[in-house]
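This report describes the fold of a single chain and then the setting of one of its residues.

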Amino acid sequence: MTRVSFLDWTFDADIDATREAYRGVDQCAPEECGCDYCKNWVLARGSMYPASILEFLRDVGIEHPCEAETWEAGPAKSGGRNYAGWLHFIGKITAGPEPRDSHASPNNPYVDVGDGFNVWFWHGAHLPLDRLKGHDLVQVEFYTVLPWLLDTPEPP
Ligand SMILES: [Zn+2]
C-alpha cells in the first residue's frame, strides 16, 4: 500500500493491483448502458476531468477513468446537463471528512476542484467492475455539468 493524499483526504492505495484490474478494460458503465445520456458522457470524457483529478487518479493506479456508474440529472441552470457518477480504486481511506448522508447525496462533503467538477470519497463500493470485486475499495464520487455533444437534439 502507498500513502496518497488529495484535498482533505489520505488513502492507502494498492497502485499495482488497481492498474492490473483496469488493464485492457474498455467497457465502463456508460459504454455498457449505451443510452443517449451515457453516449454523451463518453463523448465528454476526454475533456471533463480536471487535470488535478486525472493526476490523482494516476497516483492511485487509474490511467484512464472508467466509471462504475454514471447518471444524468436534468438540465443545468447554466446550460448543459447535470451528471454524477463514481469509480473505484483498491485501497482504504485513512483520514478525511466523513459522509453525512447516503453515498450519492449532495449533503456530502464534495469539494469543487475547478470547472464545477465536485468530488468526494466514500468507504465501500456500489456496482464495482467485476475485476475489482473482493478488494477493499475507495469510491471516488463526483458531480459536474457536461455540454450536450451528441448530434441528436438535447432533451428538454
Ligand atoms: Zn445510460
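Helices (H or I, at least four residues) and strands (E, at least two) are DSSP runs, numbered from the N terminus. By that rule the chain holds four helices and seven strands. Read from the N terminus, their order is β-β-α-α-α-α-β-β-β-β-β. The model is predicted: local features need pLDDT of at least 70, side-chain atom pairs count only at pLDDT 80 or more, and totals for chains, interfaces and linings use all residues. Residue numbers start from 1 along each chain as its sequence is written.

Overall values for the chain are as follows.

| Property | Value |
|---|---|
| Box of C-alpha atoms along the principal axes | roughly 45 × 35 × 25 Å |
| Radius of gyration | 15 Å |
| Buried residues | 31% of 156 residues |

The radius of gyration is taken over C-alpha atoms, and the globule rule is 2.2 Å times the number of residues to the power 0.38. For 156 residues a compact globule would come near 15 Å, so the value for the chain agrees. A residue is buried if 20 or more other C-beta atoms, placed from the backbone, lie within 10 Å of its own, exposed if 12 or fewer, and partly exposed in between.

Two residues are in contact if their C-beta atoms, placed from the backbone, lie within 7 Å. Of the contacts between residues at least 6 apart in sequence, 66% join residues at least 24 apart.

Asp-12 lies in strand S2 (residues 9–13). Asp-12 has 16 other C-beta atoms within 10 Å and is therefore partly exposed. Leaving aside neighbours within four places in sequence, Asp-12 contacts Met-1, Arg-3, Gly-91, Lys-92 and Thr-94. Cys-28 is 16 residues from Asp-12 along the chain, and their C-alpha atoms are separated by 24 Å.
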